[in-house]
Amino acid sequence: MNINTNKTIPYKTHLKENELPSAWYNVRADMKTDQQPLLNPKTFKPVTLEDLEPVFCTELAKQELNTTDRYIPIPDEVLNFYRMYRPGPLVRAYCLEEALGTPARIYYKYEGGNTSGSHKLNSAIAQAYYAKEQGLKGVTTETGAGQWGTALSMACGYFGLECLVYMVKCSAMQKPYRRGVIETYGASVVPSPSDTTEAGRKMLAANPDNPGSLGTAISEAVEVALNTPGYRYVLGSVLNQVMLHQSIIGLEAKAAMAKYDEYPDIVIGCAGGGSNLGGLISAFMEDKLAGKRNPHFIAVEPSSCPSLTRGRFAYDYCDTGHITPLAKMYTIGSGYIPASSHSGGLRFHGMSPILSQLYHDGHLDEARSVKQTEIFEAAKLFAKVEGILPAPESAHAIKVTLDEARRCKETGEEKVILFGLTGTGYFDLSAYMAYNSGTMTDYVPSDEELEKGLATIPDIGL
């Protein structure tokens with residue numbers, strides 16, 4: 001591989017400070033078919049604000065239920081924090097294009113340029129702000145790979161809130177330094193499942209070696225929030241409120257691409273619960289729903305946890321302990337415990353209700369699942385030529401970006417590809433070492449294994 005280094009390359013283009021979006025975009029207001037309402041887990045009736053307020057901050061509960069306001073102003077305090085690291089860079093991947101020999105023009109929206117190392121801070125700071133404004137003492141949450149726990153611990157440290165993080169046990173073992181960062185910012189970390197909650201004790205009784213899952217960690221965090229005065233629960237993905245906050249990614253990406261007089265033909269993002277993908281496609285989905293443009297959206301998920309590609313569109317619990325409301329989403333069942341892959345942030349049994357509805361209606365065009373060794377192969381190539389070690393989650397989008405760029409080379413099409421680089425992989429070195437040593441394996445669940453998870457989806461007649 002020979003790369004011409006004798007040319008000047010404008011690697012990054014930033015929006016000016018005054019071009020930082022002042023409002024989040026609420027895609028629900030433009031959806032032709034809005035997603036089905038969350039259901040109360042006791043009555044199976046649509047949830048009300050009063051149902052959600054014991055769990056979420058009041059303002060966040062209002063955002064969760066908002067179907068009418070297209071744009072929601074970002075509070076000044078949140079904007080002030082955003083200015084520490086936003087607007088984020090849009091990067092033209094010239095070296096990757098040259099390495100692939102593709103006529104495609106590849107851009108990525110880089111969300112790793114903050115201390116948390118990922119896009120999760122965009123919603124963490126908003127949720128911590130609303131908790132502080134409500135006069136709360138602290139919040140509880142779950143985290144998979146640790147990016148969300150890191151971001152929330154930063155945000156809570158900034159606003160002076162207590163923070164309790166239930167970290168999926170296998171991720172806590174794989175990423176002890178991520179836990180160290182979370183604790184450095186003042187949060188407490190409990191590997192999940194744990195013996196500190198009824199939900200955790202139930203999981204451990206059934207399987208003492210349970211590696212944990214995001215669904216289990218959610219159950220524990222919600223249980224503690226409901227039973228601790230002055231606390232509420234916050235979530236880093238899946239929910240409508242999180243999709244709203246992450247829309248800043250797509251708004252910035254669209255504005256930055258316009259500076260180059262570019263518009264993506266293909267938009268690619270990794271998909272676990274959906275926060276990164278939902279944020280990245282937001283402003284472009286606005287155009288698609290309005291009939292102005294027709295970009296092709298691709299969601300990329302791990303083959304070990306294939307909710308979109310092998311799941312069912314149905315009402316299901318968002319947690320393993322069945323404490324949370326039910327959501328209409330693509331799911332492989334709340335009882336499914338994904339394999340202990342190195343992409344902990346994508347190990348959730350369901351997909352965002354917003355993205356699920358968009359996928360069901362054909363506006364989110366395509367979903368692909370990829371294997372673990374494939375994404376690390378793609379990550380190594382990207383790191384070599386673009387100089388950033390990507391998070392394993394981000395590498396899912398990189399893998400499919402490489403596939404699409406190579407297809408353009410075969411067909412001669414000069415397509416514009418945009419993908420989301422959600423964060424860095426410097427806390428994932430054990431995973432890279434496993435791949436480099438040849439000890440990493442792939443896991444693709446059989447139909448029989450998935451059927452056990454699908455069998456846990458409740459039959460509520462809707």
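Leaving aside its neighbours within four places in sequence, which residues is I457 in contact with? The first legend gives the answer; the views are of a predicted model.

**View A. I457 and the residues it contacts.**
I457 is found in the segment after helix 18, which covers residues 447–454. Apart from neighbours within four places in sequence, I457 is in contact with R312, A314, Y315, D316, T331 and G333. Its relative accessibility is 12%, and buried means under 20%, so I457 counts as buried. T441 is 16 residues away from I457 along the chain, and the C-alpha atoms of these two residues are separated by 29 Å.

**View B. T150 in helix 6.**
T150 has its place in helix 6, which is made up of residues 147–159. With a relative accessible area of 0%, T150 is buried. When neighbours within four places in sequence are left aside, T150 is in contact with S116, R178, V181 and I182.

**View C. Helix 15 against helix 17.**
Two packed helices are described by the angle between their axes and the distance between the axes. Helix 15 (residues 372–386) and helix 17 (residues 429–437) pack at an angle of about 100°, and their axes are 10 Å apart. Because angles of 65 to 115 degrees count as roughly perpendicular, helix 15 is roughly perpendicular to helix 17. On the side of helix 15, the residues that meet helix 17 are T373, F376, E377, A379 and K380. Helix 17 contributes A431, Y432, Y435 and N436. Sorted by class, the contact of helix 15 with helix 17 has five nonpolar, two polar and two charged residues.

**View D. Helix 9 against helix 10.**
Helix 9 spans residues 198–206 and helix 10 spans residues 214–226. These helices pack at an angle of about 145°, with their axes 7 Å apart. E198, A199, G200 and M203 in helix 9 meet T216, S219, E220 and E223 in helix 10. By class, this contact of helix 9 with helix 10 has two nonpolar, three polar and three charged residues.

A pair of aromatic rings is described by the distance of the centres and the angle of the planes. The structure holds 17 aromatic pairs. In the pair of F81 and Y85, the ring centres are 6.3 Å apart and the planes are at 80°, so the pair is edge-to-face. Both F81 and Y85 are buried. Y129 and Y130 form another aromatic pair, with 5.1 Å from centre to centre and 65° between the planes, and this pair is also edge-to-face. Y129 is buried, as is Y130.

**View F. Charged side chains over aromatic rings.**
R293 lies over the face of Y263, at 3.9 Å from the ring centre. In another place, the charged end of K328 sits over the ring of F313, at 4.7 Å from the centre of that ring.

R86 and P87 are joined by a cis peptide bond, with omega about 0°. P87 lies in the loop between helix 3 (76–82) and strand 4 (90–92). The peptide bond from S192 to P193 is cis as well, and its omega is near 10°. P193 has its place in the loop between strand 8 (188–192) and helix 9.

Most residues other than glycine have a negative phi, and most peptide bonds are trans. F44 is a residue other than glycine, and its phi is positive, near 60°. The loop that holds F44 runs between strand 2 (23–25) and helix 1 (49–52). F44 is partly exposed, with a relative accessible area of 32%. D261 is not a glycine either, and D261 has a positive phi of about 55°. D261 lies in the loop between helix 11 (240–259) and strand 10 (266–270). Is D261 buried or exposed? Its relative accessible area is 71%, and exposed means over 50%, so D261 is exposed.

Notes:
Residues are numbered from 1 along each chain as its sequence is written. This is a predicted model: local features need pLDDT of at least 70, side-chain atom pairs count only at pLDDT 80 or more; totals for chains, interfaces and linings use all residues. Side-chain values use heavy atoms; hydrogens and water are left out. Helices (H or I, at least four residues) and strands (E, at least two) are DSSP runs, numbered from the N terminus. Buried means under 20% relative accessible area, exposed over 50%, partly exposed in between (1.4 Å probe, protein chains only). Contact means heavy atoms within 4.5 Å. Axes are lines fitted to C-alpha atoms, for helices over the stretch in contact, and angles run from 0 to 180 degrees between N-to-C directions. Angles under 35 degrees count as roughly parallel, over 145 as roughly antiparallel, 65 to 115 as roughly perpendicular and the rest as oblique. Ala, Val, Leu, Ile, Met, Phe, Trp, Tyr, Cys and Pro count as nonpolar, Asp, Glu, Lys and Arg as charged, and the others, Gly among them, as polar. Rings of Phe, Tyr and Trp (its six-membered ring) pair if their centres lie within 6.5 Å; planes under 30 degrees apart count as stacked, over 60 as edge-to-face and the rest as tilted. A charge sits over a ring if NZ of Lys or CZ of Arg is within 6 Å of the ring centre and within 35 degrees of the ring normal.
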